[in-house]
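Work through the exercises below with the sequence and the three-dimensional picture side by side. Try each task before you read its solution.

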Amino acid sequence: MDQLLDVRNLETQFKTPEGIVHAVNGVSFTLKQGETLGVVGESGCGKSVTMLSCLRLIPSPPGKIVAGEAFFRGEDLLKMPSEEIRLIRGGQISMVFQDPMTSLNPVMNIGKQLAEPLMLHLNLTRDQANKRSIELLELVGIPNAGERLSDYPHQYSGGMRQRVMIAMALSCNPQILIADEPTTALDVTIQAQIVDLVKRLREELGMAIIWITHDLGVVASIAHRVAVMYGGYIIEESDIKDLYSNPSHPYTLGLLGSLPKIQEEEHTRLYSIEGMPPVLYKKPKSCPFAPRCSWVVERCWNENPPLMAVSPGHRAACWVDTKTGSLR
Amino acid sequence: MTENDNILIKVENLKMHFPIYRGVIRRQVGAVHAVDGVSFDIYEGETLGLVGESGCGKSTTGRTILRLYKPTEGHIYFNGQDLSQLKSEPMRLMRREMQMIFQDPYASLNPRMTLRDIVGEPLMALTDTTGKKIDERVAELLRLVQLNPDFSGRYPHEFSGGQRQRIGIARALALNPSFIVCDEPISALDVSIQAQVVNLLEDLQKEFNLTYLFIAHDLSMVRHISNRVAVMYLGIIAELADRKELYNNPLHPYTQALLSAIPVADPTFDETRSRIVLEGDVPSPVNPPSGCRFRTRCPIAEQICKEIVPEFREVKPGHFVACHLV
């Protein structure tokens, strides 16, 4: 089995007083063994909801997965009984959340929190779990791991809490680690520490990673492949180098253009995408990016473009070839 | 872009300590040394970038300059006038000249006030403008920040993050100030919206000859918008230089590490550069380390760094650094 995770046409909606929000509108992607997939997009583009849907962590109601399949080693995560997915969640697929301050239990010491999944998924005794917890904290580079086990989350700094979260996610030797904006709440120097840590662990443990972020800079240093999301769709997907050297969707072009260049010598004006990301109360018939797009043509308003091959391993959902300006 | 050498703001050995009280009689047992002796100048019409990690005192510095806190020690001169000694009424009137744009566009606008009231409030508080005149000025300000003046009856919750930040900018501009402290004005915004707001700030600066103190933790954005950049660490300024000089030739080991940690949206470039990854975390500002504050994380620290506080000195014209080993 080559594909570890194979998600097809996933659709998730949320019922709100204002109407049904179409958060994810038919997302398909695959993840290979040992591969790191970056999922990039702005707030509300559906990147977190996509991953939470795969693990069936969408609060329901108001959320609902209305269509799609998510095969993990041949089994559909979306259809299996809830007892089975509970065994996979935290065990074979684990997740690291954005905010290390709020995702740890403040009234439980670190040791207990670390031991919990070990005793649940691996059936270890408390002593074994404690021993393993110390190993895990050492693995993620926390000094004096043995002593710090009885500390509470508030006694840890932000970067250390995120290390604890990672240790917890890795505790049951997962095959897939889903990291949802793991470095967004951290300072740059700490962010660099965490990125280095994850890279090292990836080599040591050989797991596949899905790294969700809005930061095109972080993803460049860690991912093998990137999917860019907008309005609940994947609008461009490519190998990491090809995406940055040859961005094809106008939105990706805009995002990259709106970042200040680090090599910039003379002062230039930033490229800015006018308007705001959409909130989709209806599944759009047009391209979701059309209202903000400067390349827009007639066809964009009538038909939502599917992902089309740009070059081998690189697909973009746009009717216009942004290199030549001609239609596809 | 610095057209003249008029010093608008001169900060001298500014210190801001927040006392910590403990026990039944609330005795002072210590202090958070948030800002611990910073000195710098801001020239008229320039943007001075102030960067550093969370808790390094950059926001406190910005707020103390505007006298939102009473400084523990030191002086702030605005056009030669010492703000730190000013009584409350003259200081209040002084605020016409100096305004602030806040980080969180959600928390910094009163949810129960309409746009007209929010943007018009500085006019009511500090000028004699009344009635129709305020409406006119508010409409003018909203147009300036590219918002529809017809929205002036609406409430903040009806706007997106980027639009709210524009409202905050309009409010700051209401009194035609000459100096604005921008405290992380774009960190809460999405990437595509950040560029819109930064471009707006640049346009307004050109139009009204504004002077900015731009506080941020995003080094690449600071590089983009600033003329000169100051790097703060644990309450002191580690390095200050012209933007090009600082980014091309950083001298302080902290600046070097900080610059090497910036994520770059270019995987090919990322492979070729070397990273300096700092160990550990920023120490507590309650008990800052002796000598050089960075020595606990510094890769090149020596004995002298532990004993003597490095002087913030000019090593090249316009390039200041606080390190023994430079």
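**Exercise 1. Which residues of helix α3 (residues 115–126) of chain B are buried, and which helices are among those that cover them?**

Solution. We begin with the terms: a residue is buried if 20 or more other C-beta atoms lie within 10 Å of its own, exposed if 12 or fewer, and partly exposed in between, with the C-beta atoms placed from the backbone. Helices (H or I, at least four residues) and strands (E, at least two) are DSSP runs, numbered from the N terminus. By this rule the buried residues of α3(B) are L115(B), I118(B), V119(B) and G120(B). The next step is to look for their cover, which includes α4 (131–144) and α5 (161–173) of chain B; contact here asks that the C-beta atoms of two residues, placed from the backbone, lie within 7 Å.

Before going on, note that this is a predicted model, in which local features need pLDDT of at least 70 and side-chain atom pairs count only at pLDDT 80 or more, while totals for chains, interfaces and linings use all residues. Residues are numbered from 1 along each chain as its sequence is written, and chains are lettered from A and ligands numbered from 1 in the order in which they are written.

**Exercise 2. State the confidence that the predictor gives to chain B and to the complex.**

Solution. The quantity pLDDT is the predictor's confidence in each residue, from 0 to 100. For chain B its mean is 90, and 99% of the residues of the chain reach 70 or more. For the complex, the predictor gives an ipTM of 0.79 and a pTM of 0.86.

**Exercise 3. In what order do the four strands of the open sheet of chain B stand, and which of its strands stand at the edges?**

Solution. Two strands pair if DSSP finds at least two bridges between them. The order of the four strands is β2-β1-β4-β5 (chain B), and their pairing is antiparallel. Because β2 (27–43) and β5 (81–82) of chain B each have a single partner strand, they stand at the edges, and one side of each is left without a neighbour in the sheet. Taking one pair in detail, β1 (residues 7–22) and β4 (residues 73–78) of chain B run antiparallel and are joined by five bridges, and K10(B) stands opposite Y77(B) in β4(B). Finally, helix α1 (residues 58–65) of chain B lies across β1, β2 and β4 of chain B and runs at about 115° to β1(B), where axes are lines fitted to C-alpha atoms, for helices over the stretch in contact, and angles run from 0 to 180 degrees between N-to-C directions.

**Exercise 4. Where is R223(B) found, and which residues does it touch?**

Solution. R223(B) is found in helix α7 of chain B, and it is buried, with 22 other C-beta atoms within 10 Å. Not counting residues up to four places away in sequence, R223(B) touches P260(A), R243(B) and Y247(B).
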